[in-house]
Structure formats: structure tokens, C-alpha cells
Amino acid sequence: MLHEPAPSVHQLLAFYLEAGVDCALSDEPVDRLAEETVEDLAPAQRPALRTSAPLTAAAPAVVPSSRNDAAPPPDIAITSAREAARTATTLEELRALLDNFDGCALKSTATRLVFADGTPQARIMFVGEAPGRDEDIEGLPFVGRSGKLLDLMIGAIGLDRTKVYIANVIPWRPPGNRTPTPQETQICLPFIQRQIELVDPDILVTMGNPSTQSLLRTREGIMRTRGKWIDYDTGRRTIRAMPTFHPAYLLRSPAYKRLAWQDLRAIRKALTPA
Ligand code: URA
């Protein structure tokens, strides 16, 4: 029988990096296979979900009582997120609610909350998918490579970062920049919807498929939705939303910058008084 030589540390690290594992979550390794799952426990031993002291009477943030890095079941977390988000009357309250919300497991692996950048008085709001490594370090959305391209896109409509508002559907970095699960998106959705309502922009720009599909409730891909105005009900009023390409996608596929430019021209026209 042929034995492969054991991989070197360098090869192992390269393997992990390629698989998207680029950050350590704790100082000690954890043998997940040796861990007891909730299903392994007798019903009487299973941990009960605890609802932490609400920030406001009607805004419970659900946390599990046994481990603070485990999230509650998605349906409970989604209900809790909806109830919590509804109670925020200002962006500061919403940020504080998110900081106290333990219903999304991504919070326990991210370094910090990435809430928003720009001005809450902006007439235009851009929404991406989720923070990456640079955003997780700085605590601001779109500060990495795709952020530099977003700055150029914003410049193309005659504005800069201080005159727009930028946020993400998911406010915590998924480990290794993996795609957020549908459950994670559903849990975070009430918060970004409330954030849009509180900013109350005239124009919403959804960047890429995840942001477009979750906020504009469509299954159509970005190739079909981009460049078209879609009504968005903030809960207060109907505003105009425009899906366009995510800057990270444009970095990978620069040929689509031409179409993105068309979208930006339509947005600039919509912002210009007649
Ligand atoms: N990609 C996103 O969707 N959001 C960020 O903040 C950064 C990269």
C-alpha cells in the first residue's frame, strides 16, 4: 500500500485558506465530533432558551442559557428579531438592539458589529450582502477592495461616502466570508428593513443577488433585475429601488461595469431635480 507523505504545516494552512478558513475563532482547538449535541441529551437535560432582559419591554433578545455561542432555533430567532427591530425608534436604538441581539450565530464568530457608514440624512441608501474581513476589522461596511470600487461608483453619481448611507443585509462577517445561510438572512432581515425605514431614503440601491432577492422579495437573478426600478415599501411610504451589480462581482467580471454604469446614470438622473 502506498502512503502519501504527511502534509507540511504550510500545505495544511494553504488548504485551509483555500477552503475559506482564514481566521481562528478561539485560542484552543475544539473537537466538534466529541461534543454532545442537544439531540444526544435526554429531553429533561436539554437547555431551555432564555430570553435576556429586554432593551425595551417588547424587544426580547433571545439567548440560550447553556452556551453563549449557540444561537436559538431560527424560527424563534426570526420572531425575536421582528419584535426587537419593530421597537427601535432611532438608528442608535437599532444599533444597540443589534449589539444586544444573540439570535444570530454569526455574532459570536465576528469581531464586531458592522452597522453602517455615511449620513442618515442621505437621499440614497446602498445595501450589500455582509461584511468581509476588512469590514470586520474596521467595523464599517465596504472598506476593502470592493469598497474602493463602491466609492468610485458613488463618485460617478456626483456624491461621496459622506453624502450616502451604506449598510448590509447581514451586519456580522460570516466566518471565512462564506455565504450567509437562508436562516441567517431571515434573522437579520427585520433589522435592515427597519434601518431602511429609519433612514427613509428616496432611493434604495440593492447590490448583488442576496441583497436584491431578500429586500425586494424576488427570485430573479441580478442579470434580469438590474437597471429596473422596483417599488419598495418601507412601511412609511413607497420609494424607488434599483438593483445593480455588487462591486465584488464587478471586480471579478469587469465586462459588466458597462451595465453598472448605465444603472448609475439612471440613479443620478433620479436624484437630479427636474
Ligand atoms: N461586501 C459586502 O457585501 N459588504 C461589505 O461591507 C463588504 C463587502
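Start by selecting Phe142 and the ligand: a backbone N or O atom of Phe142 sits 2.9 Å from an oxygen atom of the ligand. That is a polar contact, meaning a pair of N or O atoms within 3.5 Å. What you have open is a predicted model, where local features need pLDDT of at least 70 and side-chain atom pairs count only at pLDDT 80 or more, while totals for chains, interfaces and linings use all residues. Residues are numbered from 1 along each chain as its sequence is written, and side-chain values use heavy atoms, with hydrogens and water left out.

Next, click on Glu129. One of its polar backbone atoms is 2.8 Å from an oxygen atom of the ligand. Then try His246, where a polar side-chain atom lies 2.8 Å from an oxygen atom of the ligand. On its own, the ligand has 230 Å² of accessible area, and the protein covers 91% of that (Shrake-Rupley method, 1.4 Å probe).

Time to zoom out and switch to cartoon view. The protein chain has 11 helices and eight strands (DSSP runs of H or I with at least four residues, and of E with at least two). How much of the chain is buried? Of its 274 residues, 43% are, where buried means under 20% relative accessible area with a 1.4 Å probe, protein chains only.

Terms used: Buried means under 20% relative accessible area, exposed over 50%, partly exposed in between (1.4 Å probe, protein chains only). A polar contact is a pair of N or O atoms within 3.5 Å; within protein, one must be able to donate a hydrogen and the other to accept it, and residues adjacent in sequence count only if both atoms are side-chain atoms.
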